[in-house]
Amino acid sequence: MGALFRAAKFAALVTLAAGLSPATPAFAETLTINTADTAWMIVATALVLMMTIPGLALFYSGMVRKKNVLATMAQSLAAVAIVSILWVTFGYSLTFVGDGPWLGTLDRWFLAGMTMESVNPLAKTIPESLFMLYQMTFAIITVALVAGSVADRMRFSAFLLFSIGWFMFVYVPLAHWVWGGGFLATMGVLDFAGGLVVHLSAGVGGLVAAKVMGRRHGYGSDNLSPFDLSLAVMGTGLLWVGWFGFNGGSALAANSRAVMAIIATHLAACAGALTWGAIEWATRRKPSVLGMISGAVAGLGTITPASGFVAPWHGIIIGIAAGLVCFWACTWLKHRFKYDDSLDVFGVHGVGGMTGTLLAGVFAVSAIGGTSGLIEGHPQQLLIQLYGVAVTLVWSGGVTYVLLKLVSAFVPLRVSLQQELEGLDISQHGEALQ
């Protein structure tokens, strides 16, 4: 009994000493991770990945001809696989580790040093591994978006090489400049969830790619109508729901700002769909399904940069603006300059991302995002936003052009005329819908 009593007394003293001693660094880091924030960000990550597969895959494939459905889906699938591996290899580290004006560091090369307890200073209440994974899904969908501009004609091998280069030299630098502590972030450019980094960069890249690749055979004369708009409608629904994780998740916490962003996002999509449909109804006597889903996606893309900085009701105004401006870009502007942006990536995402970025500088509310816009008496913010737009236009457009020329030195960018006529499903993948 005496020995047992001494052992119990020793254990009690050890426990007391442990309780009074300072926490180890690892334990201190663990205390910063919030379980509610972590749970929400896991859900948001899944929602954003769903936006590419199957959301964007269905949305895009529903708007091409039957002979190119599988090839269009394959591009989205390939973007997921390629970008995920590149992101883990070096993309995350160069984007979000270190605060250099141009690029981060390679300290997290292949996620080196990342532990279960580590956090990124940009997201202090969730595991760093989750922050890495969430940001990966943004890189994935941005690369996949560009493919819509060159649907029906780009060789799959060329798309793979182009995707690698575009991710490395367009997406990673831009994401660091805006979100990772780069020079645009230092200047105060507002881009809550990707108006510049995702939508404008993909839209401009797509426009340049469409011009370099040339128009589809039969463009302007043959019937290039969508194979199955029901697929596109289902894809729109998945994108719409996924956008709650895209914009709401960009708060990086389960808080009121995330909810505000989600409400503004939903209202902008509704307003965009109604506006586009109303324009068609007034000018063409019938609101098309293609027009309404285009308006919804335009509203979603346009609210993206502003969603965490504006009041929910601003989402309605921004959605109306998206419907008006993007409809104009996809009709008059496209026909005026005669470029074949197959699935209107520039007209919807490029013009929408640009518009939303500028409107963030107009409507930003200090009480929500900590920054005031033009209406709250801070007109300089609009100029800062304009500078961010200009940098993104020049960088994405210029680098995209150079990359396409480099890729074309190794493989042809475009399939042959015979392969285009028979369809990319057969010529690129040896499969076809029956």
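**Ground rules.** I number residues from 1 along each chain as its sequence is written, and my side-chain values use heavy atoms, with hydrogens and water left out. Because the model is predicted, local features need pLDDT of at least 70 and side-chain atom pairs count only at pLDDT 80 or more, while totals for chains, interfaces and linings use all residues.

**Aromatic pairs.** A pair of aromatic rings is described by the distance of the centres and the angle of the planes. I counted rings of Phe, Tyr and Trp (its six-membered ring) as a pair if their centres lie within 6.5 Å; planes under 30 degrees apart are stacked, over 60 edge-to-face, and the rest tilted. I found 23 aromatic pairs in the structure.

I looked at phenylalanine 167 and tyrosine 171, which are stacked at 6.4 Å centre to centre, with 10° between the planes. They sit 4 residues apart in helix H6 (residues 156-179), so about one helical turn separates them. Helices here are DSSP runs of H or I with at least four residues, strands are runs of E with at least two, and both are numbered from the N terminus. Phenylalanine 167 and tyrosine 171 are both buried; buried means under 20% relative accessible area, exposed over 50%, and partly exposed in between (1.4 Å probe, protein chains only). Both also belong to one aromatic cluster, together with Trp87, Phe90, Tyr92, Phe96 and Phe131.

Next I took phenylalanine 192 and phenylalanine 309, an edge-to-face pair at 5.7 Å centre to centre and 80° between the planes. This pair links distant parts of the chain, 117 residues apart: phenylalanine 192 is in the loop between helix H7 (183-187) and helix H8 (195-213), and phenylalanine 309 is in the loop between helix H11 (289-303) and helix H12 (314-337). Phenylalanine 192 and phenylalanine 309 are buried. The charged end of arginine 257 sits over the ring of phenylalanine 309, 5.1 Å from its centre (NZ of Lys or CZ of Arg within 6 Å of the ring centre and within 35 degrees of the ring normal).

**Helix H8.** I noted that H8 has 19 residues and spans 25 Å from first C-alpha to last, close to the 27 Å expected at 1.5 Å a residue (1.5 Å times one less than the number of residues). H8 bends by about 25° at serine 201, the bend being the angle between axes fitted to the seven residues ending there and the seven starting there. Of its 19 residues, 17 are buried.

**Cysteines.** How many disulfides does the structure hold? I found 0, taking a disulfide as a pair of cysteine sulfur atoms within 2.5 Å. Cysteine 330 is buried, with a relative accessible area of 9%.

**Two single residues.** Valine 88 lies in helix H4 (residues 69-96) and is partly exposed, at 22% relative accessible area. Setting aside neighbours within four places in sequence, I found valine 88 in contact (heavy atoms within 4.5 Å) with residues including Trp109, Phe110 and Met132.

Lysine 334 lies in helix H12. Is lysine 334 buried or exposed? It is buried, with a relative accessible area of 8%.
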